[in-house]
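The sequence and the structure come first, and the notes follow by topic.

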Amino acid sequence: MQTTATPVACLARPGRPAVVARTLAELVGPTRGVVELPVRLMWNGERTFDLADPDDLLWMYENVLRESTRTDDLRQLIDGRTLRRVWRRLNLPRGVRQAWESRHRGLRTA
């Protein structure tokens, strides 16, 4: 009996695959200042994040990585070097973490 494995997408939430950038180098989002996320990424009224505040930075990255449905959002809002630095501290759904670590193996040891 032969079995074939079908690739299963890593899900950001039920029914929606996680979106992952091809390279960390293409992620050139801001590293300082205040960022306001679009409503499609953050639905509540508190959509601004001060990147100098470590908790704000983590909260923003968690929301962007979890809610993005297009890579342009990732490129514009996430910084690759910062992502690598904070990766282990991010509270992400298992599917999002698996998707990113599958594509960017260096994040596993970050």
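How many aromatic pairs does the structure hold? It holds one. The model is predicted: local features need pLDDT of at least 70, side-chain atom pairs count only at pLDDT 80 or more, and totals for chains, interfaces and linings use all residues. Residues are numbered from 1 along each chain as its sequence is written, and side-chain values use heavy atoms, with hydrogens and water left out.

**The aromatic pair**

- Trp 87 and Trp 100 make up a tilted pair, with 6.5 Å centre to centre and 45° between the planes.
- Rings of Phe, Tyr and Trp (its six-membered ring) pair if their centres lie within 6.5 Å; planes under 30 degrees apart are stacked, over 60 edge-to-face, and the rest tilted.
- Trp 87 sits in the loop between helix 3 (80-86) and helix 4 (94-103) and Trp 100 in helix 4, so the pair ties together parts 13 residues apart in sequence.
- Helices (H or I, at least four residues) and strands (E, at least two) are DSSP runs, numbered from the N terminus.

**Surroundings of the pair**

- Trp 87 is buried, at 0% relative accessible area (buried means under 20%, with a 1.4 Å probe and protein chains only).
- Trp 100 is buried too, at 0% relative accessibility.
- Arg 97 lies over the face of Trp 87, 4.8 Å from the ring centre (CZ of Arg must be within 6 Å of the ring centre and within 35 degrees of the ring normal).

**Arg 47**

- Arg 47 is in the loop between strand 3 (34-36) and strand 4 (48-50).
- Not counting residues up to four places away in sequence, Arg 47 touches Val 35, Glu 36, Leu 37, Pro 38, Val 39 and Met 42 (heavy atoms within 4.5 Å).

Note on methods: Buried < 20%, exposed > 50% of the residue type's maximum accessible area, 1.4 Å probe, protein only.
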